[in-house]
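Let's take a walk through this one together, starting with the overall layout and ending at a couple of individual side chains. Have your viewer ready.

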Amino acid sequence: IDAVMGKGTEYFGLKSALHATSPSVWLPYTAIDHLLYTLRTAEGNSMYAKLHLELSDKLQVYHRNVERVSQDMVQTALQKASRHTKHDTVFNLSSFSRT
């Protein structure tokens, strides 16, 4: 999870991390869900309970980052679209003025 968020990407062979301008990255959710379930249902072992809490907290941080990056991606796309629309409008207006 840390590597996907940009800490230690080189240890996992990741070429990019979770950023609005980078290619998509993903987590193995099925494996993580199984691990969370196993840690949660292991009765009588405080170490497993602690690991469950740590992993859950880390996933919450990851989800907040995904939300922020998603909003940044939308904002960037809107800004690019706005620039292209303005450029196209200026281009169209200038071509009419020459006739």
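Start with how the chain meets itself: among contacts with a separation of 6 or more, 42% are between residues 24 or more positions apart. Keep in mind that this is a predicted model. The secondary structure is quick to list, with 2 helices and 0 strands in the protein chain. Of the 99 residues, 17% are buried.

Now for the inside. The largest nonpolar core contains 11 residues, namely Val-4, Met-5, Leu-18, Leu-27, Ile-32, Leu-36, Leu-39, Leu-55, Leu-59, Tyr-62 and Val-69. Helix 1 and helix 2 (46-97) each put at least two residues into this core, and helix 2 gives the largest share, with 4 residues.

Leu-18 is a handy core member to click on. Skipping its neighbours within four places in sequence, Leu-18 is in contact with Val-4, Met-5, Val-25, Tyr-62, Asn-65, Val-66 and Val-69. Among those partners, Val-4, Met-5, Tyr-62 and Val-69 are listed in the largest nonpolar core too.

Next, have a look at helix 1, which covers 29-41. Helix 1 has 13 residues and runs 18 Å from its first C-alpha to its last, close to the 18 Å expected at 1.5 Å a residue. Which residues of helix 1 are buried? They are Ile-32, Leu-36 and Leu-39. Looking down the axis of helix 1, its buried residues sit within an arc of 70°, so they line one face of the helix.

Finally, step back to the segment before helix 1, where you'll find both Thr-9 and Ser-16. Leaving out residues up to four places away in sequence, Thr-9 touches Ala-3, Leu-14, Ser-16 and Ala-17. With that exclusion again, Ser-16 touches Thr-9, Ser-22, Pro-23 and Val-25. Val-25 is also a contact of Leu-18, which takes you back to the core, where Leu-18 is one of the 11 residues.

Notes: Residues numbered from 1 in each chain as written. Predicted model: local features only at pLDDT ≥ 70, side-chain atom pairs only at ≥ 80, totals over all residues. Heavy atoms only, no water. Contact = heavy atoms within 4.5 Å. Buried < 20%, exposed > 50% of the residue type's maximum accessible area, 1.4 Å probe, protein only. Core = buried A, V, L, I, M, F, W, Y, C linked by side-chain atoms within 4.5 Å. Expected span 1.5 Å × (residues − 1). Arc of directions from axis to C-beta.
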